[in-house]
Amino acid sequence: MPAPLTVLYFAWLRERVGVAEEALSPPDSVATVADLVVYLANLDQRHAAAFKDRKTVRCAVNQEFADITTILRAGDEVAFFPPVTGG
């Protein structure tokens, strides 16, 4: 991936990772959101803690809801956040 991804973390994910935003250049093997989650979870203990229960993490790519099969492209903005509820 020639250009880095911008990765945003919200709510308790931000608290666990310790930053709200980071620019990452994952290896070429990271092609989908699922690949990115695995890559992030293996970066360090903080990221591992944030992605421990992956079923509770939601994602958006370029400000549109995305699922784990979404293909990533260089320069994408990927946001991770907890499930959103309304009332």
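Colleague: Glad to have the model open; what should I know about the numbering and the confidence limits?
Modeller: Residues are numbered from 1 along each chain as its sequence is written, and side-chain values use heavy atoms, with hydrogens and water left out. Because this is a predicted model, local features need pLDDT of at least 70 and side-chain atom pairs count only at pLDDT 80 or more, while totals for chains, interfaces and linings use all residues.

Colleague: Which pattern does the protein chain follow along the sequence?
Modeller: Helices (H or I, at least four residues) and strands (E, at least two) are DSSP runs, numbered from the N terminus. The protein chain has 3 helices and 5 strands. Read in sequence order, their pattern is β-α-β-α-α-β-β-β.

Colleague: What radius of gyration does the protein chain have, and how does that sit with a compact globule?
Modeller: The C-alpha atoms fill a box of roughly 40 × 30 × 20 Å along the principal axes. The radius of gyration is taken over C-alpha atoms, and the globule rule is 2.2 Å times the number of residues to the power 0.38. For 87 residues a compact globule would come out near 12 Å, and the protein chain agrees, with 12 Å.

Colleague: What share of the residues counts as buried?
Modeller: Buried means under 20% relative accessible area, exposed over 50%, and partly exposed in between (1.4 Å probe, protein chains only). Of the 87 residues, the buried share is 36%.

Colleague: Why do the buried residues of α2 lie on the same side of the helix?
Modeller: In α2 (residues 33-41), the buried residues are Val33, Leu36, Val37, Leu40 and Ala41. The arc is that of the directions from the helix axis to the C-beta atoms. They are on the same side of α2 because they cover an arc of only 130°.

Colleague: Which residues does leucine 40 touch?
Modeller: Contact means heavy atoms within 4.5 Å. The cover over the buried residues of α2 includes β1 (5-9), β2 (21-24), α3 (45-50), β3 (58-61) and β5 (77-81). Not counting residues up to four places away in sequence, leucine 40 touches Val7, Tyr9, Leu24, His47, Ala48, Phe51 and Phe80.

Colleague: Which residue of β2 is the bridge partner of threonine 6?
Modeller: Two strands pair if DSSP finds at least two bridges between them, and β1 and β2 pair in the antiparallel sense over 4 bridges. β2 has a covered face, Glu22 and Leu24, and an uncovered one, Glu21 and Ala23. The partner of threonine 6 is alanine 23.

Colleague: How far apart in space are tryptophan 12 and proline 82?
Modeller: Tryptophan 12 is found in helix α1 and counts as partly exposed, at 25% relative accessibility. Leaving aside neighbours within four places in sequence, tryptophan 12 is in contact with Ala50, Thr56, Val57 and Pro82. Tryptophan 12 and proline 82 are 70 residues apart in sequence, yet their C-alpha to C-alpha separation is 7.5 Å.

Colleague: Is threonine 32 buried or exposed?
Modeller: Threonine 32 is found in the loop between β2 and α2. Beyond neighbours within four places in sequence, the contacts of threonine 32 are Ile68, Thr69, Thr70, Ile71 and Leu72. With a relative accessible area of 15%, threonine 32 is buried.
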